[in-house]
Amino acid sequence: MTAPRLETQGLSLGYDGAVFATGIDLVVQPAEIVAILGPSGSGKSTLLGAIAGVVPAMGGRIIVDGIDVTEMPIHRRGIGLIFQDALLFPHLSVADNVAYGLRRHGMAKEAARERAAELLDWVGLGGYGGRRVDELSGGQAQRVALARALAPRPSVLLLDEPFSALDQDLRQRLAGEVATMLRHEGLAAVHVTHDAAEAATIADRVLSMTDIATGFDHPSAI
Ligand code: ADP
Ligand code: MG
């Protein structure tokens, strides 16, 4: 039995000491995509932020590939994160957006450029590396964000409503394509969304925010 890629043990969520969800035990296996459904304000972004380390966890542990990363900084957790907005760097080319994290982690320029080109091919944007990001459509920008998140080879990818800004057809198509890509790479993915159809398209398992927490004290989740 290989270790789960991601495990949370008794994770609590909240802000400034006010906890709104407790006892979150989530286990995601290699190549498994779990979708978590919840209405706006139910804590989906907070959950992903706590796993990634951009928001402090109010309690509990986060384990990636058998290693406790709870106290580790974001860039050492082996976790990639993509958001509703692609949040690309507007002053960098498409290829430099993808290579950015690699260069910051000390990868040589030429190696980073090759890895970026490989990733862009993989998301169907081979040949787009020299373009400006403001020439991209919304769907293309999200593919670039995906390539950027995957460039450092994370073990776990967290997707925070990544297709919400796109129209329905594109959303369904991209969700299907991304699911195929993630399974091929053997990553674990947690995809949060308020869209049940998108969750069903992408995920092996669909859970709700209220299911995964033993304690939930939040008006918007009821
Ligand atoms: P979702 O992503 O499901 O819409 P969020 O995780 O963004 O939900 O929000 C969960 C709860 O935490 C909401 O009540 C929200 O107002 C609150 N919240 C979100 N971000 C912060 C923050 N930075 N500081 C304080 N409270 C926050
Ligand atoms: Mg959110």
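Two rings of Phe, Tyr or Trp (its six-membered ring) count as an aromatic pair if their centres lie within 6.5 Å, with planes under 30 degrees apart called stacked, over 60 edge-to-face and the rest tilted. A search of the whole structure turns up 1 such pair. This is a predicted model, where local features need pLDDT of at least 70, side-chain atom pairs count only at pLDDT 80 or more, and totals for chains, interfaces and linings use all residues. Residues are numbered from 1 along each chain as its sequence is written, chains are lettered from A and ligands numbered from 1 in the order in which they are written, and side-chain values use heavy atoms, leaving out hydrogens and water.

**The aromatic pair**
- Phenylalanine 89 and tyrosine 100 make a tilted pair, 4.5 Å from centre to centre with 50° between the planes.
- Phenylalanine 89 sits in the loop between strand E6 (79–82) and helix H2 (94–104) and tyrosine 100 in helix H2, so the pair ties together parts 11 residues apart in sequence. (Helices, H or I of at least four residues, and strands, E of at least two, are DSSP runs numbered from the N terminus.)
- Phenylalanine 89 is partly exposed at 25% relative accessibility, and tyrosine 100 is partly exposed at 34%. (Buried means under 20% relative accessible area, exposed over 50% and partly exposed in between, using a 1.4 Å probe and protein chains only.)

**Strand E8**
- In strand E8 (residues 188–193), 6 of the 6 residues are buried, so the strand is largely enclosed by the rest of the structure.
- In a regular strand, side chains alternate between the two faces of the sheet.
- Both faces of E8 are covered, with Ala188, Val190 and Val192 buried on one side and Ala189, His191 and Thr193 buried on the other.
- Strand E3 (residues 33–37) pairs with E8 in the parallel sense over 5 bridges, and isoleucine 33 has alanine 189 as its bridge partner in E8. (Strands pair if DSSP finds at least two bridges between them.)
- Strand E7 (residues 156–160) also runs parallel to E8, over 5 bridges, with aspartate 160 opposite valine 192.
- From E7 the chain crosses through helix H5 (residues 168–185) to E8 in a right-handed β-α-β crossover. (Right-handed means that, with the strands pointing away from the viewer, the path from the first strand over the helix to the second runs clockwise.)

- Most residues other than glycine have a negative phi.
- Aspartate 65 is not a glycine, yet has a positive phi of about 50°; this residue lies in the loop between strand E4 (59–64) and strand E5 (67–68).
- Leucine 87 also has a positive phi of about 50° without being a glycine, and lies in the loop between E6 and H2.
- Aspartate 65 is partly exposed, with 32% relative accessible area, whereas leucine 87 counts as exposed at 52%.

**The largest pocket**
- The volume of the largest pocket is about 790 Å³. (On a 1 Å grid over the protein atoms alone, a pocket is an open set of points with protein on both sides within 12 Å along at least five of seven lines, and lining residues have an atom within 4 Å of a point; points are joined across faces, edges and corners, and a volume is the space filled by probe spheres set on the points.)
- Its lining has 24 residues, of which Ile74, Ile79, Gly101, His105 and Pro152 lie nearest the centre.
- E6 gives the largest share of that lining, 4 residues.

Definitions and conventions. 1 Å grid on protein atoms, 1.4 Å probe; cavity = no way out; pocket = protein on both sides within 12 Å on 5 of 7 lines; lining within 4 Å.
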